[in-house]
Amino acid sequence: MRSVVAEQLPVEYLTVTSPYDGGTVGSVSVTPAAEVGAVLETARRGAKLAGGLSRAARAAILASAAAAIELRSEEFTRTIVAEAGKTIRQARKEVVRAVNTLQLSAAEAKSNAGEVIPFDSYAGSENRTGWFSREPLGIIAAITPFNDPLNLVAHKIGPAIAGGNSVILKPSALTPLSAQLLVDALVDAGLPAEVITVVNGGREVVAAVVRSRDVRMVSFTGGFSTGEAIAREAGLKKLSMDLGGNAPNLVLADADVQDAVDACVSGAFWAAGQNCVGVQRILVERPIYEEFRSKFLAATSVLVAGNPVDETTDVGPMITQDALRQVQGKVDEAVAAGAVLLMGNRADGNVLQPTVLEQVPLDARLWQEEVFAPVVMLRPFDSLDEALELANAIEFSLHAGIFTNSLAAAMEAARRLEAGGVMINDSSDYRFDGMPFGGSKYGSMGREGVRFAYEEMTQPKVVCIRN
């Protein structure tokens, strides 16, 4: 561990295991709750050091780290595969995205410095001129999940460093190794070690960090219950939260059916469905429902589920046996309530075969909640109004997708879909790391995407000169 505080910790370790075969991947030192005071002191020093770095220095560190990760991409890839269970092809893509995230952050450090304010455009202020700059918040607590253990960490650390902040990073206990590799790359690139302090621990450690008045912002990606607990502990500070989704994807009768099938299969089963914008509910206009279902099942049936190290594997393991059992329980509940299981719901170890259902009751947990697994549901509809009503009935939403050749229908759906992003002729799974990313309705706070996270992690300071 490169963290300055970590060197002072007692010898207590968290073992990281493979979700595929249970083998030991590595270990990280655990931060006792009693050491949080030392963590905060380190972060305070780090905030002064980070704020003292020029924009050029911040950009150079981020760009240098991005280049180093690109050179060591296979090491980062293998770490993601080992601890998160992503297939090797999916892990390689995550590394590429993390490099891009850091490069975007470097560009933001240089370009998003503030704006001139036209004081003389207001009567009575003709003799004034000035500007606002974007200044660091100070200490940012970043709490990240297991499903993108490298790129989602980069999405918090990159903009924070670009903005001149220090970071207390709490990665998922299931996947801390990729995060530590990223921090090491940044330190090797010249970032003062105090700027990022990694903590590994339980709820007591997280609670002590987020409730501290020294922490100016909490950026969290994870589940609703944890997000609510963090919000209660945090008090009066900025919160940015990505709390998951339940993505609807609409396929209209005039769509290219095969194109929609290919996009939805990829979107549903990428990363074993452990994806907050993954395809979960597919609403298909009735005239093409049978054709879509047939082609979707055919495309799903040829997916290879198994060892994530194998280059031919399409679907790797779920993160834990408990997560798999919970999902299978929801599938069984839905079937008992009248749903039809078209394929899947069979497991080999932690690998759940791609699972497809139809006729799922609208009040079933499987329909109402984020499934976060390789499980997808099909449902026909008769009108766009009906599809939009079904799509919007869930109380939380990140992305939605619609497939159609009608510009009018696409724009109507884009206007009425209650989602943070609407992907037209792409599945809900599409995300570019430079776009604003966040949810709609319940629990949505702030936006990620490098520029937008940078602005969340900085504050404007006005300078006005009277001539």
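In this predicted model, the largest pocket has a volume of about 1400 Å³. Its lining is made up of 45 residues. Those that lie nearest the centre of the largest pocket are Phe220, Gly222, Gly223, Ser225 and Thr226. Of the elements, α8 gives the most, with six residues. By class, the lining of the largest pocket holds 23 nonpolar, 14 polar and eight charged residues.

The second largest pocket has a volume of about 480 Å³. Here 23 residues form the lining, and Lys93, Arg97, Trp270, Asp429 and Arg431 are the closest to the centre. At least two residues of this lining come from each of α4 (88–111), α5 (151–162) and α9 (257–269). The element that gives the most to the second largest pocket is α4, with four residues. The lining of the second largest pocket divides into eight nonpolar, seven polar and eight charged residues.

| Pocket | Volume | Lining residues | Element giving the most |
|---|---|---|---|
| Largest pocket | about 1400 Å³ | 45 residues | α8, six residues |
| Second largest pocket | about 480 Å³ | 23 residues | α4, four residues |

Notes. Residues are numbered from 1 along each chain as its sequence is written. This is a predicted model: local features need pLDDT of at least 70, side-chain atom pairs count only at pLDDT 80 or more; totals for chains, interfaces and linings use all residues. Side-chain values use heavy atoms; hydrogens and water are left out. On a 1 Å grid over the protein atoms alone, a cavity is a set of points where a 1.4 Å probe fits but cannot get out, and a pocket is an open set with protein on both sides within 12 Å along at least five of seven lines; lining residues have an atom within 4 Å of a point. Grid points are joined across faces, edges and corners, and a volume is the space filled by probe spheres set on the points. Ala, Val, Leu, Ile, Met, Phe, Trp, Tyr, Cys and Pro count as nonpolar, Asp, Glu, Lys and Arg as charged, and the others, Gly among them, as polar.
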